[in-house]
Amino acid sequence: MNYFKPLLMVFVISLFANNLFAQGAYVNINAGYGLSMSSQNLNNFYNSTDVLNSRTDEQVNLSLGSGVNIGGALGYMFNKNIGAELGLSYLLGGKSKAQDLYDGDTPLGIPTVGTTDYTLSSNMLRINPTLVIASGFEKINPYAKFGFVIGSGSIMSEYIDNDGTDIEIRKEKLNGGLAFGLNAGVGALYSLSEKMSFFGELNMVNLSYAPTNGELTEATDNGANELSGMTIRQRETVFVSSYNRDAPRPDSQPRQELKQKFPFGSFGVNIGLRFSL
């Protein structure tokens, strides 16, 4: 992530150094909600239903980019039609759930149906440099935005298995690495006063994220804590692009698994206020 710091510094300096408090500078604060977009399927993430002893599996489409986002931006309009922004936002992702059914047995050998419930949720801090193209109208000013998204996030994965007699719970946090994508939006400013405007916009994010680290945060079997008795290899994972599965790794080191990209695309609405400096 260090090599992004000089780029961001150059962007900010070029944007504001000439005249930070000039007429074209402004600050945005906003909040909004995004719906899933660019969703995809994940391995072992599907719903099972059982009707009259006929079991059906249905794939679940999901994007971890859906949810509430809050943020703000520093911007500068070079003229009434062209400007640039450096935005910062935080995604509070919603939960995606799936349930698998399987045949189980009670202690007396009576057949029953076991369930495995899966839940995925996410959070992400996003930096968003964008180009702004505005109409330049006075009272109501339509505009469009195009830019990049750089994200640093985490994914919480929860697994609850209930076979009718035993309940096993595993919770894992996935993080590390950066996400890169694109975003675009259209909106309009409505002038409330000389220094303040209200805005609403439709925003689209095209983004995927591949965590580099995973760590169990909870492991219980019928309520008994198993985490303290696990080795590092059982608790921690390093996600890599390739590895030799036959190469021995000691219990004192994390296990290796292949990286997986998770979808973080969204389409939603943002509303907020702009304060001219």
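Hi everyone. Before I get to my residue, a word on terms: strands here are DSSP runs of E with at least two residues, numbered from the N terminus. With that in hand, Tyr33 sits in strand β1, which covers residues 25-36. Please keep in mind that we are looking at a predicted model.

Let me step back to the whole chain for a moment. Two helices and 17 strands make up its secondary structure elements. Of the 277 residues, 39% are buried. The chain exposes about 15500 Å², and 57% of that comes from carbon and sulfur atoms. If you take the contacts with a separation of 6 or more, 68% of them are between residues 24 or more positions apart.

Now, where does β1 find a partner? Strand β17, residues 266-276, pairs with β1 in the antiparallel sense, over eleven bridges.

Which residues does Tyr33 touch, leaving aside neighbours within four places in sequence? The answer is Gly67, Val68 and Asn69, along with Gly268, Val269 and Asn270. As for Ile271, its C-alpha atom is 9.4 Å from that of Tyr33, although the two are 238 residues apart along the chain.

And is Tyr33 buried, exposed or partly exposed? Its relative accessibility is 44%, so Tyr33 counts as partly exposed, a class that lies between the 20% and 50% cut-offs.

Definitions and conventions: Residues are numbered from 1 along each chain as its sequence is written. This is a predicted model: local features need pLDDT of at least 70, side-chain atom pairs count only at pLDDT 80 or more; totals for chains, interfaces and linings use all residues. Side-chain values use heavy atoms; hydrogens and water are left out. Helices (H or I, at least four residues) and strands (E, at least two) are DSSP runs, numbered from the N terminus. Buried means under 20% relative accessible area, exposed over 50%, partly exposed in between (1.4 Å probe, protein chains only). Contact means heavy atoms within 4.5 Å. Accessible areas come from the Shrake-Rupley method with a 1.4 Å probe; for residues, only the protein chains shown count as cover. Two strands pair if DSSP finds at least two bridges between them.
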